[in-house]
Amino acid sequence: MRKTSAALSNYCYNVHMVITLAGENSFGLGLVLNKFVSDFVKDHGDLALERIDGEEAEFARIRESLTSLPFLASKKLVVLRGPSKQKEFIEKFEQLFAEIAEATEVIIVETKLDKRLTYYKYLKSKTDFRDFPGLDQSGLVNWLNSAAQDRGGLISSADARYLVERVGLNQQLISNELDKLLLYDTKVTHQTIDLLTEPTPQSTIFQLLEAAFAGNTKYAMRLYKEQRALKVEPQQIIAMLAWQLHVLAVIKTAGDRGVDEIAKEAKLNPFVVRKSQGIARNLSQHELRQQVSDLLTIDTKTKRTNMDPDEALQNYLLQLAS
């Protein structure tokens, strides 16, 4: 087997040097991709790197890049993003892979792959396949524990969970917030999280609904005022409430189907589904329809009349709590 670059030298393949990075976790995938690319460029130079958008580039362009010899370098690396979106590529990928030049290394990046396709099965069995699934709350909490230690700090599981609930499921945002917290103090606590981070609107809107449905009027009103203090406009709050009600409707009509199945069919994060199930269980379909109808009325009237949106939304939340 031929020698590989420093970044890829520890792996063996059935089809030349092909790595597949797949999955919806763009943060984790990006870290690995950037490491591969930077190590390769360090060894072979910028001219040895080609990046191709597989959805936009013509098949002939992809084929020429994979089969041609490197220019002014002993090897080249081709990063090919999303080629599965191109019909001709899917029809000819096996033949194309067989023609990859000996001195060419390939990284295929696929954020979404249909596991029923021959293409997926081929990549899984014939290339160095790395899967980067999206992380739910538990996965992000575990990642935060490890990331804090890797960066010379410490965060408890309880505080890691609190940070995720506060800022949401965006791993890149969580990573940035972790850096900020560790710069302030290498031990992250509930207090420093409150001091240095802001709750994301989407996360707090769920808490707002949760408080209202639980009858906790005082807490619901406090959360609403926090949203307004964060410069979140009433129309944005209406939109986010509508999204949360949509999630509840999806869960309510899903019957006995499991979290993963519901999430996949509705294109939702499993964490969002799991977290919303408690509210959905305590709502009848009639109540949910009425809440959707009432919110639609508020949305319409605040756009067409002089109705005060703040007063209307607070009354809406009070009705939910009652």
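Is Lys231 buried or exposed? Lys231 counts as exposed because its relative accessibility is 66%, where exposed means over 50% relative accessible area, buried means under 20% and partly exposed lies in between, with a 1.4 Å probe and protein chains only.

## Basis and confidence

This is a predicted model, in which local features need pLDDT of at least 70 and side-chain atom pairs count only at pLDDT 80 or more, whereas totals for chains, interfaces and linings use all residues. Residues are numbered from 1 along each chain as its sequence is written, and side-chain values use heavy atoms, with hydrogens and water left out.

The mean pLDDT of the protein (the predictor's confidence in each residue, from 0 to 100) is 89, and 95% of the residues reach 70 or more. Over residues 1–14, however, pLDDT stays under 50, and for this stretch the model has 36 contacts beyond four places in sequence, a contact being heavy atoms within 4.5 Å.

## The parallel sheet

Five strands are arranged as an open sheet in the order S2-S3-S4-S1-S5, with parallel pairing; here strands (E, at least two residues) and helices (H or I, at least four) are DSSP runs numbered from the N terminus, and two strands pair if DSSP finds at least two bridges between them. The edges are formed by strand S2 (49–53) and strand S5 (128–131), each of which pairs on one side only, and from one strand to the next the twist averages 15°. Strand S2 runs parallel to strand S3 (residues 76–81) and is joined to it by 5 bridges, with Leu49 having Leu77 as its bridge partner in S3.

Strand S1 (residues 17–22) has 6 of its 6 residues buried, so this strand is largely enclosed by the rest of the structure. Met17, Ile19 and Leu21 point one way from S1, while Val18, Thr20 and Ala22 point the other way. Strand S1 is linked by 6 bridges to strand S4 (residues 104–110), the two running parallel, and Leu21 stands opposite Val109 in S4. A further 4 bridges join S1 to S5, again in parallel, and in S5 the bridge partner of Ile19 is Asp128.

## Packing of H5 and H7

Helix H5 (residues 137–150) packs with helix H7 (residues 171–184) at an angle of about 35°, their axes being 11 Å apart; axes are lines fitted to C-alpha atoms, for helices over the stretch in contact, and angles run from 0 to 180 degrees between N-to-C directions. The contact is made by Leu140, Trp143, Leu144, Ala147 and Ala148 of H5, together with Gln171, Ile174, Ser175, Leu178 and Leu182 of H7. By class, the contact of H5 with H7 has 8 nonpolar, 2 polar and no charged residues.

## Exposed positions and positive phi

Most residues other than glycine have a negative phi. Lys231, in the loop between helix H10 (217–229) and helix H11 (234–252), has a positive phi of about 70° although it is not a glycine. Leu72 also has a positive value, with phi near 60°; Leu72 is placed in the loop between helix H2 (59–67) and S3, and counts as exposed because its relative accessibility is 65%.

Leu195 lies in helix H8 (residues 190–196) and, at 53% relative accessibility, counts as exposed. The C-alpha atom of Leu195 is separated by 20 Å from that of Arg151, these residues being 44 apart along the chain.

Technical notes: Ala, Val, Leu, Ile, Met, Phe, Trp, Tyr, Cys and Pro count as nonpolar, Asp, Glu, Lys and Arg as charged, and the others, Gly among them, as polar.
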